[in-house]
Amino acid sequence: MGTPIGNLGDITYRAVETLRNADYIAAEDTRHTLQLLNHFEIKKQLISCRSQNEKLAGEKIVQLLDKGFSVAYASDAGTPGISDPGAVLVDVVREAGHKIVPIPGTSAFATLISVAGSGGKTLIFEGFLSPKPGKRRSRLKELMATGDAIIIYESPFRITKLLKDISDIDSTRRIVVGRELTKLHEEVSCGSAEELLKDYAGRASIKGEFALFISGIKKAQLSKESTDNIKVEG
């Protein structure tokens with residue numbers, strides 16, 4: 001089920017009712033989910049289901065479902081399965097023959113798209129790139145070579161490195177950076193990678209989680225650039 005990524009007001013009525021009606025609540029981080037439950041005065045038994053134990057926790061959840069209990073699952077923030085645990089749990093529960101009901105909610109992915117502006121018909125969601133510089137740059141080149149718009153998540157520790165890589169690969173792309181989306185210090189910035197890099201590199205400290213939108217380029221332009229790069233020898 002989808003839970004707020006920052007602002008608790010973003011939770012849906014359906015999500016609150018689901019939490020209230022479930023017999024058990026599985027959570028990526030029980031401490032984080034407990035804060036959410038306390039806010040809505042909900043008391044339930046919690047089950048730890050994080051990336052490190054997701055398959056094992058899924059098997060325990062199946063045992064509860066086999067006995068007729070209902071179980072709701074919430075990752076730390078946003079929608080499970082989108083750069084968060086949840087996919088393995090879904091597979092385990094489905095293979096056991098139990099019904100899975102999606103409870104939609106917010107995500108940094110959808111939140112950023114809503115303010116990114118035009119991005120073309122196709123959008124690639126990559127999530128977090130590798131923290132290793134070589135792998136990060138190599139994958140980024142592959143993604144940007146498609147000419148499609150891209151959504152990437154990044155930590156405050158590598159945001160300037162990512163912007164530098166984007167600028168080096170294609171300085172013409174329009175970038176929209178969402179920092180701390182839906183939270184108290186939410187910030188949305190738009191410009192070239194070079195402009196945004198200059199902004200963030202000049203800050204004394206960088207805090208918060210980031211989501212980046214990299215604009216696509218028109219297919220006609222992409223075809224021309226590919227043709228321009230062909231070397232013809234007589």
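The following legends describe close-up views of a predicted model. Local features require pLDDT of at least 70 and side-chain atom pairs pLDDT 80 or more, whereas totals for chains, interfaces and linings use all residues. Residues are numbered from 1 along each chain as its sequence is written, and side-chain values use heavy atoms, with hydrogens and water left out.

**View 1. The largest nonpolar core has 20 residues.** A nonpolar core is a set of buried Ala, Val, Leu, Ile, Met, Phe, Trp, Tyr and Cys residues joined through side-chain atoms within 4.5 Å. Buried means under 20% relative accessible area, exposed over 50%, and partly exposed in between (1.4 Å probe, protein chains only). The members that touch the most others are Leu 140, Leu 163, Ile 166, Ile 175, Val 177, Leu 212 and Ile 214. Two or more residues each come from α6 (133-145), β5 (149-154), α7 (159-169), β6 (174-179), α8 (193-201) and β8 (210-214). Helices (H or I, at least four residues) and strands (E, at least two) are DSSP runs, numbered from the N terminus. Apart from this core lies another, of 14 residues, among them Leu 19, Ile 25, Leu 37 and Ile 103.

**View 2. Helices α3 (residues 54-66) and α4 (residues 87-95) pack at an angle of about 40 degrees.** Their axes are 9 Å apart; axes are lines fitted to C-alpha atoms, for helices over the stretch in contact, and angles run from 0 to 180 degrees between N-to-C directions. The two helices are therefore oblique to each other: angles under 35 degrees count as roughly parallel, over 145 as roughly antiparallel, 65 to 115 as roughly perpendicular and the rest as oblique. Contact (heavy atoms within 4.5 Å) involves residues including Ile 61, Val 62 and Leu 65 of α3 and Val 88, Leu 89 and Val 92 of α4. The residues of this contact comprise 8 nonpolar, 1 polar and 3 charged. Here Ala, Val, Leu, Ile, Met, Phe, Trp, Tyr, Cys and Pro count as nonpolar, Asp, Glu, Lys and Arg as charged, and the others, Gly among them, as polar.

**View 3. Helices α6 and α7 pack at an angle of about 50 degrees, with axes 10 Å apart.** These helices are therefore also oblique to each other. Arg 136, Arg 137, Leu 140, Lys 141 and Met 144 in α6 meet residues of α7 including Leu 162, Asp 165 and Ile 166. The contact holds 5 nonpolar, no polar and 6 charged residues.

**View 4. Glu 180 lies in the loop between β6 and β7 (187-192).** Its phi is near 55 degrees, a positive value in a residue other than glycine. At 17% relative accessibility, Glu 180 counts as buried.
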